[in-house]
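Dear colleague,

Please find the structure below, handed over for your review. My notes on it follow.

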Amino acid sequence: MARIWVVVQQREGQLPRISWEAIAAAQKLAASAGGGKAEAIVLGAGIGLAAAEVAKADLAAVHVADHEALRAYTPGAYIGALAAAIRDGKPDFVVFPHTYQSVDYVPRLAQEVGAGLLPEVTGFDSGEGGLVWTRPILGGKLQSKVRVKGEGTVLVSVQSGAFPADSVAKGGQVDPQPLAVDLAAVKPDREILGYEEVAGEKVDLTKANSIVAVGRGVGGADKLGPLEELAKALGAEIAASRPVIDNGWLPRDRQIGSSGQTVAPRLYIAAGISGAIQHLVGMKGSSVIVAINKDPGAPIFNVAHYGIVGDLHEVVPALTAAVRAAKG
Amino acid sequence: MRIAVCIKQVPNTEARLRVSRDGKWLEEEDLPFVINESDSYALEEGLKLAEKTGGEVVVFSLGPERVKDALLKALAVGAARAVHLADPAFLGGDALATGRALAAAVQRESFDLVLTGSQSDDLRFGGTGSILAGHLGWPHVWLVMGVELEEGNRSAKVTREMESGVNELSRVPLPAVLEIQAGINHPRYASLKGIMAAKKKEIARVTPADLGLDAAQVGAAGSRLEVVSVAFPESGAGAQMFEGDVKTAVAALVDKLRREARVL
Ligand SMILES: Cc1cc2nc3c(=O)[nH]c(=O)nc-3n(C[C@H](O)[C@H](O)[C@H](O)COP(=O)(O)OP(=O)(O)OC[C@H]3O[C@@H](n4cnc5c(N)ncnc54)[C@H](O)[C@@H]3O)c2cc1C
Ligand SMILES: Nc1ncnc2c1ncn2[C@@H]1O[C@H](COP(=O)(O)O)[C@@H](O)[C@H]1O
């Protein structure tokens, strides 16, 4: 029976959805790898509430590393706590939610304990010769199927949305137990000075009824005019993918995605956006998604409801005219 | 400061991609390659810091012969020298194997700072830089959106991007590995003079043996991950597509948005 662990990320005692998704993945993995139950680890300081939440899931154990040095996240302390636990417990797999925090420390944890590293999986199948994992490559245009070889623990992170949070088996029967951590030997690797809002978030795009989102495919700041015309015709806000912002074509407070705003308007028109996961997490809850892209293989067409393959510089002005005509 | 910057050459994902015969990677003939997006920001950050402190940038890249184009571009915008981990044994590595090889290459010289990108656009491990840091025993920060050197260049104030528009500010002792996020700066373009000068700069080729590594520790052999296949994803329900000339397609779309989706 394989030993499956899941490291649950909490924030101020709350579990983000992706932590439940990681629990769901660990339960599924435990079931397919011999039928046992997974064990969870929660790290932080004063996290009794979060641990009690985790214990609602059907797990073999919930281990709580509650330590002042784990209050503000730093990779040194997190790696210190988890490396010792992994060396002692020798799990086969440790599942993590794939978040900006876990990507900051999990690869280094793998290096430190000599574990394998399997980042951002979206699924697995038990085929001949063991588990075959799926992970997106090349901006989500292709999928790679990989196997793990060699001996020892593997650290695997699961992509947001891949394992539904509502598939978590509840009915947990165990009480959280403290996990002893010795962080005396940990060198602080970064001194936290504080946290700040990016760009002050001036425009609140979450309130918009309709959004016209522009991607790198627009080709330059000087080519935004027709998109702004379309937004005007629709009464929509203009927004963008990250490269448009990085290039300075639009201000940072117009960015949609994992490091920008998360929106769910009635209508979301994505023009010249390929549909990378970091963009999709910010808009896939929109009621109606329209994609305009010259590449029929662009992943955005997998989440869109309606699509047009074509040059946005031709499609957008025509669409504006048609919208104006329709609105009379 | 002496600064190492790791750059990876990746396929331009806008190109038409075809799966290779063995089903494990892409058909590389006619496939255009570019410097990985976040790596070009790492390079710019390295050049800026080197200019500010009167130092130099050395670029490192692991990959087949074609990688020389990426290194030449980096030399053209101002890197002083390049190191190419060119041996076929290096190829096909996961983040652990590639991080190990790059660390061994960086360790042959003395650097004050190593910069990498935050994620490669093709394999998307997001971990090679942190693993490199682990081998050097240096601190690392992933997803860096700001670097400010402090007193005597012994530490830096580093801005790390977190989810949903919040940044973490921290002080990191140097030397360190900083994994740069796209958008931190505005990468410069090469000048004609720079392009000419690049041709005279050194591109050193190194093998695993040069780095004191066994061929079994690097590349596919030194990896825990083994590629079974790559394939285009089965598109789910997919979008309802509107075809024909632009006018027809747009008219059909607007009709649907009014009658079916009722959003107009
Ligand atoms: C940690 C991290 C965080 C990130 N956070 C975000 C985020 O918050 N938001 C975000 O958006 N991204 C984010 N990204 C970047 C993300 O991975 C993608 O790189 C990005 O979303 C791609 O933007 P794009 O689709 O505009 O550009 P590309 O991927 O370059 O796609 C451009 C598209 O335009 C099409 N096109 C080109 N010309 C035309 C034309 N004339 N007409 C029609 N179509 C055309 C192309 O076919 C292509 O599909 C993040 C990345 C990382 C690593
Ligand atoms: N083959 C390579 N050569 C040089 N640098 C690399 C290579 N692979 C990864 N890197 C560096 O590590 C970063 C993260 O890559 P990855 O872990 O593959 O997402 C990249 O942005 C590069 O800076």
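This is a predicted model: local features need pLDDT of at least 70, side-chain atom pairs count only at pLDDT 80 or more; totals for chains, interfaces and linings use all residues.

Residues are numbered from 1 along each chain as its sequence is written, chains are lettered from A in the order in which they are written, and side-chain values use heavy atoms, with hydrogens and water left out.

The interface

About 7200 Å² is buried between chain B and chain A, and carbon and sulfur atoms give 57% of that area. Buried area is the accessible area (1.4 Å probe) that two parts lose on being put together, summed over both. There are 6 salt bridges across this interface (a side-chain nitrogen of Lys or Arg within 4 Å of a carboxyl oxygen of Asp or Glu). Arg124(B) forms a salt bridge with Glu120(A), with 3.0 Å between the closest N and O atoms.

Strands

Strands are DSSP runs (E, at least two residues) numbered from the N terminus, and two of them pair if DSSP finds at least two bridges between them. Strand E16 (residues 306–309) of chain A runs parallel to strand E13 (residues 240–241) of chain B, joined by 2 bridges; here Tyr306(A) stands opposite Gln240(B).

In chain A, 7 strands form an open sheet with parallel pairing, in the order E5-E9-E4-E1-E2-E3-E10. Strands E5 (116–121) and E10 (177–178) of chain A each have a single partner strand, so one side of each lacks a neighbour in the sheet. Strands E4 and E9 of chain A pair over 5 bridges, with Phe93(A) opposite Val154(A).

Yours sincerely

Notes: Helices (H or I, at least four residues) and strands (E, at least two) are DSSP runs, numbered from the N terminus.
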